[in-house]
Structure formats: structure tokens, C-alpha cells
Amino acid sequence: MAREIERKFLVKGNSWRNLGEGSVYRQGYIATQKGATVRVRIVGDRGYLTIKGPTVNYSRAEFEYSIPLEDAREMLDTLCERPLIEKIRYRVEWGGLIWEIDEFDGVNKGLILAEVELSNEKQQIELPIWIGEEVSDNPRYFNSNLVKEPFLQW
């Protein structure tokens, strides 16, 4: 079984902006229940279908599959809850790890989050200077919940 071990933080300041290139993400959720999600995502010209289990500590089951771009577009347009998640994701190497910084747009504009995937839940990490409060345990910051309660409504 595939596992994702991830921690999530708010981002402060702008010193991270020139450290990595950004890619446009558009994603939506077909289903969210009991902590499990079925997500459709387009990154550039590629489509993905991802199924994630409930989060326990920093870990959860994750299964991701490439799908045809046209299928992803059709699913986003017809099957996903609204609003869709729009963001630019920047990949930044820091302390031997890849940090993914999501700068949200649309109804979540103004929210900037950083995620880092770990090899185990006890892994020690060096926090970059642009990392703020940890929000790994706060479901409000899960992308699937940003559909139900967008950042601009907080």
C-alpha cells in the first residue's frame, strides 16, 4: 500500500518566491467522506486521479494514477464539488527535502501553505526561515475542506 507522510505549515514572508518554479494546478473532489477523498487534478497538460484515506498523525494511504487530460477536464467540469481548487505550486529544495509551496487563487486567494513529505513520522526536519505555524493537525487547511469553507470566507 502507498503511504503519504506529510507535514503542513503556513508560509510567512516572500523570501521563498525565487527559490523554485511554479506550476498551475486545478483540482476538484468527487467524494469526501469519513476522512477519505477522491480527487481529480490537472497539472500543466497532465491529468491525475488520486484516492486518499483518512489521516492518522501525519500519515495516510494514497493512490495516484495518471489519466487522460480530456478525462480529467470532463471530471472537473461535471463531477467535482464547487468551487474547484486553483493554485500555483512551487517546488523548493531545502535541507535535503523538497518543499511544495501552494499559493492559492480564486476563493482561497491569500492563503499560502507549504508541505513536506517525510520518510517516517519521526523524521527531524530543518525548518526554512519562511515557515510559519504548523497546521498539519488542522483540518481547516486540508484542500478538500477549502472547497467546503474557502479561505476568503474565514
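Strands, in what follows, are DSSP runs of E with at least two residues, numbered from the N terminus, and helices are runs of H or I with at least four. Lys87 is found in strand S6.

Colleagues, before I proceed, the provenance. This is a predicted model, in which local features need pLDDT of at least 70 and side-chain atom pairs count only at pLDDT 80 or more, while totals for chains, interfaces and linings use all residues. Residues are numbered from 1 along each chain as its sequence is written, and side-chain values use heavy atoms, with hydrogens and water left out.

I begin with Lys87. Its relative accessibility is 2%, so Lys87 counts as buried; the term buried means under 20% relative accessible area, exposed means over 50%, and partly exposed lies in between, with a 1.4 Å probe and protein chains only. What do the polar contacts of the Lys87 side chain join it to? One, of 3.0 Å, reaches the side chain of Asp102, and another, of 3.0 Å, reaches the side chain of Asn143. A polar contact here is a pair of N or O atoms within 3.5 Å; within protein, one must be able to donate a hydrogen and the other to accept it, and residues adjacent in sequence count only if both atoms are side-chain atoms. Not counting residues up to four places away in sequence, Lys87 touches, among others, Ser23, Tyr25, Gln27, Arg41 and Glu103, where contact means heavy atoms within 4.5 Å.

Gln27 brings us to strand S2, residues 22-33. Gln27 counts as buried because its relative accessibility is 0%. Its side chain makes a polar contact of 3.1 Å with the side chain of Tyr29. Leaving aside neighbours within four places in sequence, the contacts of Gln27 include Arg39, Leu76, Lys87 and Asn143.

Ile30 is also found in strand S2. Is Ile30 buried or partly exposed? Ile30 is partly exposed, at a relative accessible area of 32%. The C-alpha atoms of Ile30 and Ile101 are separated by 24 Å, the two residues being 71 apart along the chain.

I turn now to the aromatic rings. The structure holds 6 aromatic pairs. Rings of Phe, Tyr and Trp (its six-membered ring) pair if their centres lie within 6.5 Å; planes under 30 degrees apart count as stacked, over 60 as edge-to-face and the rest as tilted. For Phe9 and Trp99, the ring centres are 5.7 Å apart and the planes stand at 50°, so this pair is tilted. Phe9 belongs to strand S1 (residues 3-11) and Trp99 to strand S7 (residues 97-104), so the pair ties together parts 90 residues apart in sequence. Both Phe9 and Trp99 are buried.

A further pair, Trp16 and Tyr90, is edge-to-face, at 5.1 Å centre to centre with 70° between the planes. This pair links distant parts of the chain, since 74 residues separate Trp16, in the loop between S1 and S2, from Tyr90, in strand S6 (residues 85-94). Trp16 and Tyr90 are both buried. Finally on this topic, Phe9, Trp94, Trp99 and Trp130 form one aromatic cluster.
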